Amino acid sequence: MKGAILRLLSVLVAVAVSSLVSAGAHNHQRGEKSFGPRVGYVTRNASAYGGLSFEYQLSSVVRLAPKLGLIFRNKDMDGLKVDVDVQFPLDLAVGKACFYPLAGVSFTSWNRHGVHDENNDKDVTTHTNQWGLNAGLGFEYRVNHTLKLSLEGEYTLMKHLPGAFVTAGIAFCF
């Protein structure tokens, strides 16, 4: 499975790099900000994800992208995820679209429900807080100068409970 994912990522990178006009991004102005909701899917507990993202363009090819999200309950697990990623947007030949690799850090607080407490015969919730590293790829389409749509896939590597996140978002640029 990991081999297939790595091959797919390699193909996506090769296609994106081959269709680049230039690494300099004319659509990405220093100081531009965007904010909006994200929804998606989490592989760790096979559930939905919802959150908010903010992006700040540091230069024409580097932007800071913090995110806050909720992992909805499934299989007696839910969680809260906070990410700080760095994205590297690269314009594609089609003009309004860009591809971006990303890397960053993540803090995730997982909650396990229904864990049996042997001392008092009650079901309790346990929490597992972990730091991890993010790596992924994204695609963004600029509808107009104030609105963009995105699709992103990232893997969060942690000691316990790693997982992949696939999200779609809409962001308002200002």
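Is alanine 46 buried, partly exposed or exposed? At 28% relative accessibility, alanine 46 counts as partly exposed (buried is under 20% relative accessible area, exposed over 50%, partly exposed in between, with a 1.4 Å probe and protein chains only). This is a predicted model, in which local features need pLDDT of at least 70 and side-chain atom pairs count only at pLDDT 80 or more, while totals for chains, interfaces and linings use all residues. Residues are numbered from 1 along each chain as its sequence is written, and side-chain values use heavy atoms, with hydrogens and water left out.

Alanine 46 is found in the loop between β1 (33–42) and β2 (47–57), strands being DSSP runs of E with at least two residues, numbered from the N terminus. Although not a glycine, alanine 46 has a positive phi of about 50°. Leucine 161, in the loop between β8 (147–157) and β9 (163–173), likewise has a positive phi, of about 70°, but is buried at 19%. Most residues other than glycine have a negative phi.

The structure holds two aromatic pairs (ring centres within 6.5 Å, using the six-membered ring of Trp; planes under 30 degrees apart are stacked, over 60 edge-to-face and the rest tilted).

| Pair | Centre to centre | Angle between planes | Class |
|---|---|---|---|
| Tyrosine 49 and phenylalanine 165 | 5.7 Å | 75° | edge-to-face |
| Phenylalanine 107 and tryptophan 131 | 5.2 Å | 55° | tilted |

Tyrosine 49 lies in strand β2 and phenylalanine 165 in strand β9, so their pair ties together parts that are 116 residues apart in sequence. Tyrosine 49 is buried at 5%, as is phenylalanine 165 at 6%.

Note on methods: Helices (H or I, at least four residues) and strands (E, at least two) are DSSP runs, numbered from the N terminus.
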